[in-house]
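Good morning. Please have a look at the model on the screen, and I will then go through some of its local features one at a time.

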Amino acid sequence: MNAVALRRGESAPAVIQKPMPEPAAGEALVRTLRVGVDGTDREVIGGAHGSFPEGEDHLVLGHEAVGVVEDPNGTRFSASDVVTPTVRRPPEGANGYFERGEPDMAPPDMCLERGIDGAHGFMSEYFTSPAESLVRIPESLAPLGFLVEPLSISEKAIQHAYASRSAFDWRPESALVLGNGPLGLLTLAMLDDYDRTYCVGRRDRPDPTIDIVERLGATYVDSRETPVRAFAVEYEAADLVYEATGHAKHAVETAAALAPGGVGALLGVPESWTFEVDGGDFHKDMVMNNKALVGSVNSGADHFRAAAERLAELPEWFIDALVTRVVGTDDVARAFENDETTIKTAVEFDTR
Ligand code: NAP
Ligand code: BGC
Ligand code: ZN
């Protein structure tokens, strides 16, 4: 079967041939429909994040998948169920995080991530997965099911942000999203119950992401004119800040953009970067204004279920504008391109 993989020593993905996978006991065989591409895939391809499976010369890419159960193999699924797989798998021997059903809370050395870190991903014509790592979604969502994983990332992060504010009567009205990539835009679309929303980018108009930001009713903020540290002065201090740039300074500047009692969720996965910070101001501001910063990575099956419900509610125009390209395996390089006309792309292996 065809698979899209990164081979050791190479800097671009290639289509390779692999044998059909055989489901082990407790696993189902899934026929892949589509697999999405995000900033993490580009970080993996660039060698900034993730790792090859131990002892192997390639990594099958892809962690945002949707497929159809081909062989339930005695699991709770039926043939032709539409499913989306969670990303994390236990390393040698399970551990407490997996036993508790909270693999998303495991630190990096206690989990593998399919398509990212130490385990093959889903960008192949078929894949197998343990039944507990597959989430059934409505058949009507099959063509867009590759958006469930990225939405689930934000379902978790926002859940954790709200949990950190649950000890008092928190009534957020304004939200600031840092980043106009697919994760930032999906999150902005989720925050439609906020009175005022803002989204930070670093692009000139005309730009398709700025069009989406504005059509969602949000204000576009150019970080080249208004750095995040100056946002509160130029616009307003935000109750919720969601960082999805991977720009390391934004982790610290998020605190300055927050209103008293506000919470910042940090999602980006930057490389090492040393810069100067007034640690005293940062520390005092966090304390005296009861601010919170929450780091959040990955997501669990419940977040996938919430994400599938959310996906069904997102406006059609938004999805049409967000998904800029769906390519076949004959044109895979285009799925990983990252020019200014590209927002969300997916590789299509089959249709329902
Ligand atoms: P992406 O496509 O790389 O998007 C990042 C966006 O942020 C880009 O549009 C980029 O603008 C913008 N940006 C970067 N630096 C900026 C700055 N200084 N000022 C303004 N805008 C800036 O990635 P993504 O898929 O949306 O994901 C976003 C980040 O979250 C990545 O770091 C990714 O690794 C991470 N992530 C984390 C999780 C998790 O579980 N924690 C899950 C998914 C993704 P340009 O395009 O104009 O350069
Ligand atoms: C994936 C998550 C993963 C994270 C860190 C994200 O792009 O969506 O599932 O945990 O990267 O590797
Ligand atoms: Zn991702």
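Let me begin with a term. A residue is called buried when its relative accessible area is under 20%, exposed when that value is over 50%, and partly exposed in between. Keep in mind that this is a predicted model.

Take the zinc site first. Which residues coordinate the zinc ion, ligand 3? They are Asp 38, through OD, and His 63, through NE2, at 2.0 to 2.1 Å.

Now apply the term. His 63 has a relative accessible area of 3%, so His 63 is buried. Asp 38 has 13%, and therefore Asp 38 is buried as well.

What about the geometry around this ion? Four donor atoms surround the zinc ion (ligand 3), and their angles run from 75 to 158 degrees. To count as tetrahedral, four donors need all angles between 85 and 135 degrees. As background, the ideal angle for four tetrahedral donors is 109.5 degrees.

Next, the backbone. In general, most residues other than glycine have a negative phi, and most peptide bonds are trans.

Asn 73 is not a glycine, yet its phi is positive, about 55 degrees. Asn 73 lies in the loop between strand 5 (64-71) and strand 6 (82-85). Asn 298 also is a residue other than glycine with a positive phi, near 65 degrees. Its place is the loop between strand 17 (292-295) and helix 9 (301-313).

Are these two asparagines buried or exposed, or something in between? Asn 73 has a relative accessible area of 30%, so Asn 73 is partly exposed. Asn 298 has 6%, so Asn 298 is buried.

From Arg 205 to Pro 206 the bond is cis, and omega is near -5 degrees. Pro 206 belongs to the loop between strand 13 (196-201) and helix 5 (208-215).

On to the second largest pocket. Its volume is about 410 Å³. How many residues line this pocket? There are 21, and those nearest its centre are Phe 98, Gly 101, Glu 102, Pro 103 and Glu 132. By class, the lining has seven nonpolar, eight polar and six charged residues. Strand 7 (88-89) and helix 9 each supply at least two lining residues. Helix 9 gives the largest share, three residues.

Glu 102 leads us to salt bridges. Side chains of opposite charge can pair when their charged atoms come close. The structure holds 24 salt bridges, and I will show some of them.

Glu 102 pairs with Arg 100, and the closest N and O atoms are 4.0 Å apart. Glu 102 has 38% relative accessibility, so Glu 102 is partly exposed. Arg 100 has 53%, so Arg 100 is exposed.

Helix 9 comes up again here. Asp 302 and Arg 305 form a salt bridge, with the closest N and O atoms 3.1 Å apart. Both residues lie in helix 9, three residues apart, about one turn of the helix. Asp 302 is exposed, at 57%, whereas Arg 305 is partly exposed, at 40%.

Another bridge joins the side chains of Asp 331 and Arg 334, at 3.3 Å from N to O. Asp 331, at 29%, is partly exposed. Arg 334, at 34%, is partly exposed too. Finally, Arg 31, Glu 70 and Asp 350 are linked in a network of salt bridges.

Note on methods:
Residues numbered from 1 in each chain as written. Chains lettered and ligands numbered in written order. Predicted model: local features only at pLDDT ≥ 70, side-chain atom pairs only at ≥ 80, totals over all residues. Heavy atoms only, no water. Helix = DSSP H or I, 4+ residues; strand = E, 2+ residues; numbered from the N terminus. Buried < 20%, exposed > 50% of the residue type's maximum accessible area, 1.4 Å probe, protein only. 1 Å grid on protein atoms, 1.4 Å probe; cavity = no way out; pocket = protein on both sides within 12 Å on 5 of 7 lines; lining within 4 Å. Points joined across faces, edges and corners; volume = space filled by probe spheres on them. Nonpolar A, V, L, I, M, F, W, Y, C, P; charged D, E, K, R; others polar. Donors = N, O, S within 2.8 Å, 3.2 Å for Na, K, Ca; no water. Tetrahedral: all angles 85-135°; square planar, octahedral: opposite > 155°, others 65-115°.
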